[in-house]
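User: I have a structure open and would like to go through it with you. Could you take my questions one at a time?

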Amino acid sequence: MKIFLFLSLPLYALDQFTKFLVLRFIPPNRSLALIPNFFELVHVTNTGAAFGSFKNNNGFFIALSCLALIVAFAMLLRGGSVDSWRNIALGLLLAGIFGNLTDRLVHGHVIDFLLFDLGPHVPKFLHPWPAFNVADSCICIAVVCFIIYSFRQERTGPRPK
């Protein structure tokens, strides 16, 4: 439960606070260039999943988020392995799911606001990188932590005799 209190809740609060600021200070479909031609704060909405895929499926993603929350909480409460990579991944995942689920329930869509433009030398789908938010970042970092955890489990798991 410590991971939930000290990682998930603060990141969830950061996600919601940054989205509040975007709603308050950046008009919809507008941007504020912080580093010209590289990084902007924008105000865009997303009714789908990553990269704007599966648009207008908010109800489906609400149900999927609720299911994911149940599974993540069950894994966290189940205990078992006391591996920090696993626990951090679960904490990040909970923060990300809660953040985007709150948006879907309150606003009917997810609010994205971080926009990086990696330049014209990258493939077209990366120019600019699709807008995202703190919750999306938590989910992506959680995936990386789960991958690290799984590789660590393979090395430290029982060896065949």
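Analyst: The conversation below covers the overall fold, the core, the charged pairs and the surface.

User: What kind of model is this, and how are residues numbered?
Analyst: This is a predicted model, in which local features need pLDDT of at least 70 and side-chain atom pairs count only at pLDDT 80 or more, while totals for chains, interfaces and linings use all residues. Residues are numbered from 1 along each chain as its sequence is written, and side-chain values use heavy atoms, with hydrogens and water left out.

User: How many helices and strands are there in the protein chain?
Analyst: The protein chain has four helices and three strands, arranged along the sequence as α-β-β-α-α-β-α. Helices (H or I, at least four residues) and strands (E, at least two) are DSSP runs, numbered from the N terminus.

User: What share of the residues is buried?
Analyst: Of the 161 residues in the protein chain, 34% are buried. Buried means under 20% relative accessible area, exposed over 50%, and partly exposed in between (1.4 Å probe, protein chains only).

User: Which residues touch the most other members of the largest nonpolar core?
Analyst: They are Leu 41, Leu 76, Leu 94, Phe 113 and Leu 114, in a core of 25 residues. Helix 1 (2-25), strand 2 (39-46), helix 2 (58-78), helix 3 (84-107), strand 3 (110-116) and helix 4 (134-156) each supply at least two residues of this core. Helix 3 gives the most, with eight residues. A nonpolar core is a set of buried Ala, Val, Leu, Ile, Met, Phe, Trp, Tyr and Cys residues joined through side-chain atoms within 4.5 Å.

User: And what is Phe 113 in contact with?
Analyst: Setting aside neighbours within four places in sequence, the contacts of Phe 113 include Thr 18, Lys 19, Val 22, Leu 41 and Phe 132. Contact means heavy atoms within 4.5 Å.

User: Changing topic: how many salt bridges does a search of the whole structure find?
Analyst: The search finds two. A salt bridge is a side-chain nitrogen of Lys or Arg within 4 Å of a carboxyl oxygen of Asp or Glu. Lys 19 pairs with Asp 15, with the closest N and O atoms 2.8 Å apart. These two residues both lie in helix 1, four residues apart, about one turn of the helix.

User: What about Asp 103 and Lys 19?
Analyst: Asp 103 forms a salt bridge with Lys 19, the closest N and O atoms being 2.7 Å apart. Asp 103 is in helix 3 and Lys 19 in helix 1, so the pair ties together parts that are 84 residues apart in sequence. Salt bridges that share partners join Asp 15, Lys 19 and Asp 103 into one network.

User: Are those three buried or exposed?
Analyst: Asp 15 is buried, with a relative accessible area of 0%. Asp 103 is buried at 0% relative accessibility, and Lys 19 is buried at 2%.

User: What else is Asp 15 in contact with?
Analyst: Leaving aside neighbours within four places in sequence, Asp 15 is in contact with Gly 99, Asn 100, Asn 133, Val 134 and Ala 135.

User: Finally, where is Ile 35 found, and is Ile 35 buried or partly exposed?
Analyst: Ile 35 is found in strand 1 (residues 31-35) and is partly exposed, with a relative accessible area of 44%.
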